[in-house]
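Reader: I have a model open in my viewer and would like to learn how to read it. Could you walk me through it feature by feature?

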Amino acid sequence: MYSPAQCHLQDRRFDDSIGWLDASLTDLVGHIQRRYHEPLRLELPALLAALARVEIRHRRHAATLTPLRHLFDRFSRGLLIHVRSEDAVLFPAIVAIEAAFAHQRTRPWTEIARPIELLEADHASAAESLSHMRLLTRGWALPDDACAEFRALYQDLARLERDLHVHVHLENQVLFPRATALARMVAMSA
């Protein structure tokens, strides 16, 4: 489990681009949930807590840290709602559509384009929030008097930003287009 005192995200050293165009949608959904969604549930609250501690400890940098904390809090809450929505509604629908196609069955609800459109808008909003955080911190640039936790926090925020870009790419460019195409095929076979 992520320890806020250590302020280090899980090590994520593997290539996320291999095989996902050919893998089953069910496998891709499972990968996204395990690799991105589950860690976010732990990391986001821990990062917010670390940010609050750093803000208190480094009051002289409040002009950066206080707006960063507020922005991160809104970003974090929105992202956790987004992840819950994907896990509870869209991802089970995608898995069911794939199962229906594999077994030559029809699925009553195959219209996933609108939910995907809404989730893609969330992705754009999350990317915009991260961009604002990056600008606010001048590219995660640390002040000279930054403590170890401050340094780890910015490293972890930069890693979160990189991971989120890969996560969103997998959904927007791989999962969602493949799921939409399959949903159309299932709907046409009904």
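Reader: How many salt bridges are there, and what counts as one?

Author: A salt bridge is a side-chain nitrogen of Lys or Arg within 4 Å of a carboxyl oxygen of Asp or Glu. By this rule the count comes to nine. Keep in mind that this is a predicted model, in which local features need pLDDT of at least 70, side-chain atom pairs count only at pLDDT 80 or more, and totals for chains, interfaces and linings use all residues. Residues are numbered from 1 along each chain as its sequence is written, and side-chain values use heavy atoms, with hydrogens and water left out.

Reader: Which residue forms a salt bridge with Glu149?

Author: That partner is Arg53, with the closest N and O atoms 2.5 Å apart. Glu149 lies in helix α4 and Arg53 in helix α1, so the pair ties together parts that are 96 residues apart in sequence. Helices here are DSSP runs (H or I, at least four residues; strands are E, at least two), numbered from the N terminus.

Reader: Is Glu149 buried or exposed?

Author: The general idea is relative accessible area: buried means under 20%, exposed over 50%, and partly exposed in between (1.4 Å probe, protein chains only). Glu149 is buried, at 17%, while Arg53 is partly exposed, at 32%.

Reader: What does Arg60 form a salt bridge with?

Author: With Asp145, where the closest N and O atoms are 2.4 Å apart. This pair links distant parts of the chain, 85 residues apart: Arg60 sits in the loop between α1 and α2, Asp145 in the loop between α3 and α4. Arg60 counts as exposed at 57% relative accessibility, and Asp145 as partly exposed at 30%.

Reader: Where are Asp73 and Arg77 placed?

Author: They are four residues apart in helix α2, which means about one helical turn between them. Asp73 is partly exposed at 25% relative accessibility, and Arg77 is partly exposed at 48%.

Reader: What does the side chain of Asp87 make a polar contact with?

Author: A polar contact is a pair of N or O atoms within 3.5 Å; within protein, one must be able to donate a hydrogen and the other to accept it, and residues adjacent in sequence count only if both atoms are side-chain atoms. For Asp87 the partner is the side chain of His37, at 2.7 Å. Asp87 belongs to helix α2 (residues 62-102) and is buried, with 18% relative accessible area. Leaving aside neighbours within four places in sequence, Asp87 is in contact with Gln33, His37, Arg41 and Pro92.

Reader: How should I read the nonpolar cores?

Author: A nonpolar core is a set of buried Ala, Val, Leu, Ile, Met, Phe, Trp, Tyr and Cys residues joined through side-chain atoms within 4.5 Å. The largest has 28 residues, and among those touching the most other members are Phe72, Tyr154 and Leu157. Helices α1, α2, α3 (113-136) and α4 each supply at least two residues of this core. A second, separate core of 24 residues includes Ala23, Ile32, Ile97 and Phe176.

Reader: How many aromatic pairs does the structure hold?

Author: Three. Rings of Phe, Tyr and Trp (its six-membered ring) pair if their centres lie within 6.5 Å; planes under 30 degrees apart count as stacked, over 60 as edge-to-face and the rest as tilted. Trp140 and Tyr154 have ring centres 5.8 Å apart and planes at 75°, so the pair is edge-to-face. Phe150 and Tyr154 are also edge-to-face, at 5.0 Å centre to centre and 85° between the planes. Ring pairs thus link Trp140, Phe150 and Tyr154 into a cluster. Trp140 is buried at 8% relative accessible area, Tyr154 at 4% and Phe150 at 1%.

Reader: Where does pLDDT stay under 50?

Author: pLDDT is the predictor's confidence in each residue, from 0 to 100. It stays under 50 over residues 1-15. Where pLDDT is low, the predicted coordinates should not be read in detail. The protein chain averages a pLDDT of 87, and 86% of the residues score at least 70.

Key: Contact means heavy atoms within 4.5 Å.
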